[in-house]
Amino acid sequence: MQNRPEKLINDGIRLDGRGPDEIRPIKIEAGVLNRADGSCYIEWGGNKVLAAVYGPREAHPRHLQDSRKAIIKYRYNMASFSVEDRKRPGPDRRSVEISKVSRDALAPVLMLEYFPRSSIDIFVEILQADAGTRTTGITAASVALADAGIPMKNLVSAISVGKADGEVILDLIREEDNYGEADMPVAMITETGDITLLQMDGRITGEEFIKALNFAKKGCESVYKLQRRSLIEKYEKSCSD
Amino acid sequence: MREEVVIPGCFLGESVTAGEGTFVEENRVYSMVYGLVKRDKKEVEVIPLSGKYLPKAGDLVIGKVIESTFSMWIMDINSPYEGLLRLSNYPKRIEKEDMQKEMRVGEMVITRIKEVEFPMRINLAMDDRKCAVIREGVVIEITHTKIPRVIGKGGSMINLIKKKIGCNIFIGQNGRIWLSGSDEKIELAAETILKIEREAHANRLADRIDRFIRERKKGKGKNAK
Amino acid sequence: MSEDILSEVRRDYIYRLIKNGDRIGGRKADEYRDVSVEKGIIVRAEGSARVKIGNTDVLAGIKAQIGEPFLDTPDKGVIITNAELVPLASPSFEAGPPDENGVELARVVDKGIRGSHAIELEKLCLDAGSKVWIIFIDIHILDHDGNLIDASALASMAALTNTTLPYIRYEVGEEDEALLIKDTPIATTCADIGGEIVFDPCLDEENASNIELTVTTNANGDISGIQKRGTGKIPFEDISQIVDSSRRLAGELRKKL
């Protein structure tokens, strides 16, 4: 593990050259897997994340079935080689919690009542991690759900905000996440402004919190545009074949 | 003609009738799925580009028998939900002991969705003249959302394939397609249909398919476009 | 928190009450149930506290051990928070390893305390790289009538303020020392029921709601943890008011410590 850089922000410029409210380069591709009903691959800064959706399909075990709506399963999984120190394979407490809050972040847009007794299974694999993996995962899963043809009211977009060297910043990198003062993942339905995921680790003032939330809103708007474009591009590619 | 492609949550209009694939919020109509917009004089709908087959009463589908119980056959109908064909909905009277003789586990059956009961309990019937157990040919599977492309406007595409290849084709609404004829014809028909699925949104699809069949019949390389 | 299926009539009743500005038990929207904090009730533990919020009953115990620090923080002590939703507390709790609700509960409490820097981890270091104090916060849910997070966070904080590190027992000092506490993070939780925000939801209210927000605030008003739970969504504009109410209510709960 490397040591903390002396400064995370120099005269308003971050370690990777960004300003406080700039996002990293993001590349989103919809429909990248063959077997899955829907899928999405994202490269977001140093993150490489793959999301797959299976379903609606019969919910197993049967006692999990809900006669009024589909249930959602969400599995956030970090590949053992995705981080510097090998991660032990399998679910740990962190991934159990992330899976839960991510599932709840997508639930508000899914029209589950169309598929009673069934299950919509979302699998998110973090292949390479560089801070903001849960928000990258939610962003990818949202595209994969649309790609699978699941009825939805909208897409969900997600990004993390936080604080480092006393400044509120958008879209943290690993160093800022590790050595900064706070990390706050946010997911939103961009068009309505509704918040579907909100967590905060660390410590910030009330004023900083409001500023961070507005940064997140701006960030989600950019993410949404890229999500939409990835789906439109997938269709256009199928036309020009 | 460029088609209008939308993602879920796109605003489609006010004071229009909300058709399939859309939902209404405060009198405004939005898309509910990733798909292509189809506008009528009054109605707007979105044809999904992907998704699972959701059984509708009246649909003719191809089911696969997966279980035979004391009073019904359970069929996989390429959907999140299984179809149930009860003995009482079977066209002829048979003894329970003979159920296995009529339809064996693993067999494919053309059947009709009789009714969809809450919560998605699917009852099947054999009351259409096309309903039958499939005992020859091959059944292939494609995404059910591409079925309209295989059929084509007014049946133009499917008629083209039938005429040019000379193979019998039955299309189930659930994305399963039954092909019968000589092995050679079945193989060409299957390849053609899978090509339509793959290139469903390409320009001038009918021309492409026509050319494809002609070239394949001439015996050009297997992977000819 | 619970997967209990609430009957339709009960849900309608709760909605109706809240729409009319009323609540089960006649509480105001931002009013907590009776809160009691009892410290030091487990003598075997280094610190302990039992917190009741209405019928919800939670016991937190602190144990301290000497162990090795994490590789990446050789000069810092360790805090480990665990929550057990023991089956005696609710028919919906099952024996076995913590499920996602137990895991989330423990992590929200843990992050609230950690984020506030209430415990200076550097002060828990005895010998950098080899010997540090490991503080276990173990939360036992005894009776579940909603709002387990606030009760658990308050019990944990109360137990920490009551903790003495056993230097003599581990032969690392001449005298036992009280654990130094530098801040008092307090979690407050609200639920959205039919568009109305109510704090300290009881179990029926939780089951009638599909969204809860826990905000942990510190003595000076800073925020040291936020967690949205449930399948619903929160309008952007509502957030800052919720945080303000949380801060005010935390001030009242803090007096109970």
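S11(A) and strand S12 (residues 223-229) of chain C pair in an antiparallel sense, over two bridges. Within S12(C), Gln227(C) is the bridge partner of Gln199(A). The model is predicted.

**Chain A against chain C**

Chain A puts 27 residues in contact with 28 residues of chain C. On the chain A side, the elements that give two or more residues are helix H1 (93-106), strand S11 (194-202) and H4. S11(A) gives the most to this side, with nine residues. The side of chain A that touches chain C holds 13 nonpolar residues, six polar and eight charged.

**Chain A against chain B**

Here 30 residues come from chain A and 21 residues from chain B. Strand S5 (47-58), helix H2 (133-147) and helix H4 (206-240) of chain A each give two or more residues to the side that touches chain B. H4(A) has the largest share of that side, six residues. By class, this side divides into 13 nonpolar, seven polar and ten charged residues.

**H4 of chain A**

H4(A) is listed among the elements that touch chain B. H4 of chain A is also listed for the side that touches chain C. Towards chain B, H4(A) supplies the largest share. Towards chain C, S11(A) gives the most.

Conventions:
Residues are numbered from 1 along each chain as its sequence is written. Chains are lettered from A and ligands numbered from 1 in the order in which they are written. This is a predicted model: local features need pLDDT of at least 70, side-chain atom pairs count only at pLDDT 80 or more; totals for chains, interfaces and linings use all residues. Two residues are in contact if their C-beta atoms, placed from the backbone, lie within 7 Å. Helices (H or I, at least four residues) and strands (E, at least two) are DSSP runs, numbered from the N terminus. Ala, Val, Leu, Ile, Met, Phe, Trp, Tyr, Cys and Pro count as nonpolar, Asp, Glu, Lys and Arg as charged, and the others, Gly among them, as polar. Two strands pair if DSSP finds at least two bridges between them.
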